[in-house]
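Hello,

Here is the structure I promised to hand over. Please look through it first; my notes follow.

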Amino acid sequence: IKKIGVMTSGGDSPGMNAALRSVVRTCAFHGVECLGIYRGYQGLIEGDFKEMTARSVNNIINKGGTILKSARSQEFRTVEGRKKAYEHVKASGMDALVVIGGDGSFTGGMVFNEEFNFPVMGIPGTIDNDIYGTSSTLGFDTALNTVVECIDKIRDTASSHNRLFFVEVMGRDVGHIALNAGVGAGAEEILIPEEDMGKDRLVESLKRSRESGKSSSIVVVAEGDKTGDNVFELKDYVEKNMPEYEVRVSVLGHMQRGGSPSCWDRVLASRMGVKAVESLLEGKTNYMVGINNNKIELCPLDMAVKGKTEIDTELLRVSDIMTV
Ligand code: F6P
């Protein structure tokens, strides 16, 4: 392998730039050329490439977002789109690809590999932590810290006004952000898609908590949770059943995807980038780099795509005990 392409794809996450830096510098270290691909698979289709040297990635380890930009390409889902991409890939002399992204991006990489026998390696970049084969995705830790900082601030105003706040957090179909940030911020209740609490149990629990002497409460709601139709409907339901409480909703939104990556995410990105490039150089293909028990290891891409992550039930129990 003489020339490796690298792209960021799907929703951006803090740590993507740090991973890009690591891939580019590991290539430089091993005397391999590196091409940055702009706007994910769309850039692959359009041949939007730029040569990257160790100096192209100066001062980006601390930057949120992705300097390569990201996109969700519809055209790459078509055979014609992928053929166009392959033409550009061949013309550029690229002979392997590192995809930094989530499961949709890995599916694209697998299809490309199947159709053109092209070596592909994945690095999990998403705040949702919803990728099988790694206990942590790039950006998850930073997003947790952002959410906890926001909830700390909401708690100040909640307790000053004796209010109940619903705080909606991201996470797509899974509750990892909600559960971990909820415990970290000391939320009274955490609603996640993996555990259906039901509206009545929620109200009972909030009543108990009020009777136990709490004058304000924070309920963290994962965006994928189905306890109510949505967080505003939950607010109406609780207000109706607990007229003693003033209820407010705060939807944190895309601020959770931005910001400077935490030290954990920077170190993880650096380790994953090295492993991705060195695995390609060893002739491995169709894997994702993951971290488990603090060891960097490979997981077959199809397992990473098909496998489901599980919620930490012990953490749920811890959360219940903390809200006694
Ligand atoms: O996958 C990351 C994520 O931020 C999810 O948490 C969220 O559901 C989704 O992306 C939002 O996507 P978009 O930025 O396209 O609205």
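By class, the shell around the ligand holds two nonpolar, four polar and four charged residues. Keep in mind that this is a predicted model. The residues surrounding the ligand are Gly-11, Gly-102, Thr-126, Ile-127, Asp-128, Met-170, Gly-171, Arg-172, Glu-223 and Arg-257.

Now the overall fold. The protein chain has eleven helices and eleven strands. Its C-alpha trace spans about 70 × 35 × 30 Å along the principal axes. The radius of gyration is 22 Å. A compact globule of 324 residues would have one near 20 Å, so the chain agrees with that expectation. Of the 324 residues, 47% count as buried. Take the contacts between residues at least 6 apart in sequence: 76% of them join residues at least 24 apart.

Next, the annotation. An unreviewed UniProt entry lists these residues under "binding site": Arg-21, Ser-22, Val-23, Val-24, Arg-25, Arg-155, Gly-186, Ala-187, Glu-188, Lys-214, Ser-215 and Ser-216. They are spread over 196 residues of sequence. They are spread in space as well, with up to 53.2 Å between C-alpha atoms.

Val-24 is found in helix α1, which covers residues 16-29. Is Val-24 buried or exposed? Val-24 is buried, because 25 other C-beta atoms lie within 10 Å and the cut-off for buried is 20 or more. Leaving aside residues up to four places away in sequence, Val-24 touches Val-6, Cys-34, Met-52, Ala-54, Ser-56 and Val-57.

Gly-186 sits in a loop, between α6 (176-184) and β7 (189-191). Gly-186 is partly exposed, with 14 other C-beta atoms within 10 Å.

One more residue to look up is Leu-164. Leu-164 is found in strand β6, residues 163-169. Leu-164 is buried, with 27 other C-beta atoms within 10 Å. Which residues does Leu-164 touch, not counting those up to four places away in sequence? They are Leu-206, Ser-216, Ser-217, Val-238, Tyr-245 and Val-247. Val-247 is 83 residues from Leu-164 along the chain, yet their C-alpha atoms are separated by 4.8 Å.

Best wishes

Conventions:
Residues are numbered from 1 along each chain as its sequence is written. This is a predicted model: local features need pLDDT of at least 70, side-chain atom pairs count only at pLDDT 80 or more; totals for chains, interfaces and linings use all residues. A residue is near a molecule or strand if its C-beta atom, placed from the backbone, lies within 6 Å of it. Ala, Val, Leu, Ile, Met, Phe, Trp, Tyr, Cys and Pro count as nonpolar, Asp, Glu, Lys and Arg as charged, and the others, Gly among them, as polar. Helices (H or I, at least four residues) and strands (E, at least two) are DSSP runs, numbered from the N terminus. The radius of gyration is taken over C-alpha atoms; the globule rule is 2.2 Å times the number of residues to the power 0.38. A residue is buried if 20 or more other C-beta atoms lie within 10 Å of its own, exposed if 12 or fewer, and partly exposed in between; C-beta atoms are placed from the backbone. Two residues are in contact if their C-beta atoms, placed from the backbone, lie within 7 Å. UniProt positions are given in the numbering used here, feature names are shortened, and annotations may be inferred rather than shown by experiment.
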